[in-house]
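Here is a briefing for a reader who is new to this structure. Please look over the sequence and the 3D view before reading on.

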Amino acid sequence: MTTENSNLTTPVESVGNADDVQNVTMTVDQSAEPAIEQNNEEQTAAEQPVVDVADFTEEDAELDAEQAGLSLDEETAEEQAAEEVDKNDLGGKSKQELVDMFANLLENEPVQTLRKSVEAIKIAFYKLHRAEVDAARKAFEAAEGEGAEFTPQVDALEVRLKDLFKVYRQRRDEYIANLDQIKEENLKIKLSIIEELKELVTSDETLNNTFAKFRELQQRWKDTGVVPQAKVKDLWETYNLHVENFYNFIKINKELRDLDLKKNYEQKLSLCEQAEALMVAPSIVDAFHKLQKLHDEWRETGPVANEYKESLWERFKAASSRINKLHQEYFEELKQEQLKNLELKRELCEKTEALAEQPYTSRKEWNKSSEKLLEIQKIWRTIGFAPKKDNTRIYDRFRQACDRFFEAKREFYAGVKSEMEHNLQLKQEICEAAEALQNSEDWKHATDEIIALQAKWKSIGTVSRRYADQVWKRFRSACDKFFERKAQHFASVEGEYESNLKQKLALIEEISAADVNAGGYELIKEYQRRWSEIGYVPIKHKESVQKRYKEAVDAMFAVLRGSERDRSMNRFKERLQSMKGAGDKRMRNERERLYNKVRQMEQDIALLENNIGFFSKSKNAEAMIADIKEKIAKSKRELQDTIEKIRLIDSRSEETADSKE
């Protein structure tokens with residue numbers, strides 16, 4: 001049954017007496033009504049890498065539905081008066097069941113009563129739909145790698161839901177377009193009912209027929225829909241005036257009249273009790289809407305005996321006023337809470353925007369920031385609704401910041417994917433090079449090459465998990481094959497190494513006993529040639545025998561260097577003898593040349609000693625450090641010889657000066 005007072009005012013009214021209807025209305029601030037909040041779950045895309053299956057809230061589902069084109073304009077008064085939908089009843093239903101329910105409602109229910117049900121169905125549907133899409137995305141990224149482009153498959157049930165929604169929206173639009181015309185038609189019908197009521201008081205029909213006609217007119221009045229709001233009050237006053245006339249002027253049997261008044265009394269008493277029960281209802285919003293229906297029933301109920309009129313109305317009005325007050329208090333508290341929620345959500349937006357603006361350069365930084373954003377999203381879902389006028393705007397701001405973050409993350413991982421593909425190509429080339437060496441018998445060269453390949457392998461970044469194990473096993477297999485062959489080869493020449501050791505020890509003894517002055521540097525070169533022609537020795541003796549050989553050769557060089565120094569100094573003294581006295585220009589030039597050489601050698605020695613400090617921090621630098629130390633020792637010896645020559649020049653100059661005096 002549809003009543004006039006289901007428009008934009010909330011009635012707190014009664015029949016003050018049996019035939020007068022007093023409309024006491026209180027306008028409800030529609031902006032105070034709570035918005036159906038639509039919370040967000042970011043998962044991103046990208047992500048994250050970035051980014052677990054969550055219990056998606058109404059914000060996400062509502063936004064997905066809006067993006068799919070399933071949105072409506074503001075509610076009409078008739079839709080506001082419709083029964084609320086218990087969303088818990090939809091929680092366990094599948095997408096197919098929700099679509100079937102939608103189709104059944106379209107077929108069997110008036111379009112003006114469907115809005116709340118349709119909204120609940122679409123949100124429940126898109127919660128399930130979004131969860132399925134996110135699960136599919138995670139499975140895709142697990143298989144293809146993080147950052148891979150994911151395109152969800154077409155959902156046939158979503159297509160069916162959109163088709164049904166299109167039919168519903170078309171019917172609703174037609175209903176709204178015809179609503180004013182319908183109200184005017186209803187007004188005409190009710191005016192005609194009033195005219196028929198006027199005629200009843202002058203009817204010559206029997207009492208039973210007249211009273212039956214009266215009941216039939218009352219029922220028609222109740223069944224007739226809404227009329228224009230501006231006509232409601234006058235129309236009701238006129239209708240109830242003629243109802244009173246019917247009771248006062250028609251010749252009705254007193255017992256029948258008393259019975260009717262008693263029935264009306266019992267019905268209004270029940271309405272008072274129902275209104276009072278609503279004062280302790282768990283949901284004041286539901287109680288408020290139910291109160292409107294009770295007021296509709298009160299107006300439809302006939303008069304009662306005069307002694308009960310005022311008391312019943314005062315009782316019903318008191319309960320109505322209490323419920324209206326509780327309703328207003330509820331929304332005042334809700335408004336304050338929503339303002340607080342808005343401020344909390346603004347803070348989360350600022351934090352999310354700060355995360356989205358950071359220039360991350362590594363996966364570690366992205367993962368750390370993704371964890372922070374997921375924590376922010378969890379906090380967002382715990383915060384209640386913001387005011388209706390701000391709720392969509394603040395959610396859009398939050399969603400856009402999340403989208404910017406995950407879009408940047410997807411772009412980063414797209415670059416990482418390209419880099420990993422390049423790394424894979426490089427590692428495949430290394431595998432090919434290692435496989436080309438795995439059968440080589442040039443043990444030294446192949447070993448150096450494979451070690452260099454291993455170092456290059458380590459310097460290359462990661463590859464996709466899909467190929468990482470496969471390409472590593474390929475490379476390791478080639479390396480293992482070569483070194484196994486090498487180990488087998490050198491195991492067979494162990495006896496040869498022992499023989500080489502004996503030859504090298506004998507050569508060291510020979511070097512130690514040799515007269516180097518007789519053979520000179522040519523003798524040393526001969527010993528070095530013979531040493532190099534002898535093959536490998538057992539690894540455990542390698543360093544010790546090499547050290548003994550070096551000491552023996554160094555001793556030979558020391559003997560030769562000593563003799564060479566003496567000869568060099570004697571030649572220099574002879575040159576000085578050929579020069580004239582202290583004033584000889586050649587002697588001054590020679591001293592200047594030697595002095596500059598000393599300065600240069602000191603700088604070179606300092607540089608070499610400094611280089612040792614750098615090389616000592618690197619691996620496998622022992623041979624290089626030993627070579628530098630040898631150069632330093634040689635340079636220092638040469639430095640001392642040069643200083644000695646300068647002293648000889650100075651001494652020669654002093655002697656020449658003394659002789660002149």
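Predicted model: local features only at pLDDT ≥ 70, side-chain atom pairs only at ≥ 80, totals over all residues.

Residues are numbered from 1 along each chain as its sequence is written, and side-chain values use heavy atoms, with hydrogens and water left out.

**Helices α3 and α5**

- Helix α3 spans residues 95-108 and helix α5 spans residues 156-200. Helices are DSSP runs of H or I with at least four residues, numbered from the N terminus.
- The two pack at an angle of about 20 degrees, with their axes 10 Å apart. Axes are lines fitted to C-alpha atoms over the stretch in contact, and angles run from 0 to 180 degrees between N-to-C directions.
- That angle makes α3 roughly parallel to α5, a label for angles under 35 degrees.
- The crossing of α3 and α5 is left-handed: the near helix is turned anticlockwise from the far one by less than a right angle.
- On the α3 side, the contact includes Val-99, Phe-102 and Leu-106. On the α5 side, it includes Leu-164, Val-167 and Arg-171. Contact means heavy atoms within 4.5 Å.
- The residues of this contact of α3 with α5 divide into ten nonpolar, one polar and three charged. Ala, Val, Leu, Ile, Met, Phe, Trp, Tyr, Cys and Pro count as nonpolar, Asp, Glu, Lys and Arg as charged, and the others, Gly among them, as polar.

**Leu-106**

- Leu-106 sits in helix α3. It is buried, with a relative accessible area of 7%. Buried means under 20% relative accessible area, exposed over 50%, and partly exposed in between (1.4 Å probe, protein chains only).
- Beyond its neighbours within four places in sequence, Leu-106 touches Leu-114, Leu-164, Val-167, Tyr-168 and Arg-171.
- Leu-106 and Val-167 are 61 residues apart along the chain, yet their C-alpha atoms are separated by 8.4 Å.

**Helices α12 and α14**

- α12 and α14 pack at an angle of about 20 degrees, with their axes 8 Å apart. They are therefore roughly parallel to each other.
- α12 passes α14 in a left-handed crossing.
- Leu-424, Ile-430 and Leu-437 are among the α12 residues in the contact, and Tyr-467, Phe-475 and Phe-482 are among those of α14.
- By class, the contact of α12 with α14 has ten nonpolar, one polar and four charged residues.

**Phe-398**

- Phe-398 belongs to helix α12, residues 388-437. It is buried, at a relative accessible area of 0%.
- Thr-352 is 46 residues from Phe-398 in sequence and 7.3 Å from it in space, C-alpha to C-alpha.

**Aromatic pairs**

- The structure holds 26 aromatic pairs. Rings of Phe, Tyr and Trp (its six-membered ring) pair if their centres lie within 6.5 Å; planes under 30 degrees apart count as stacked, over 60 as edge-to-face and the rest as tilted.
- Tyr-265 and Tyr-308 form a tilted pair, 4.4 Å centre to centre and 40 degrees between the planes. Tyr-265 is in helix α8 and Tyr-308 in helix α10, 43 residues apart.
- Tyr-265 is partly exposed at 24% relative accessible area. Tyr-308 is partly exposed at 34%.
- Trp-457 and Phe-475 have ring centres 4.4 Å apart and planes at 5 degrees, so the pair is stacked. Trp-457 lies in helix α13 and Phe-475 in helix α14, 18 residues apart in sequence.
- Trp-457 is buried at 8% relative accessibility, and Phe-475 is buried at 2%.
- Tyr-360, Trp-366, Phe-405, Phe-406, Phe-412 and Tyr-413 form one aromatic cluster.

Terms used
Parallel < 35°, antiparallel > 145°, perpendicular 65-115°, else oblique.
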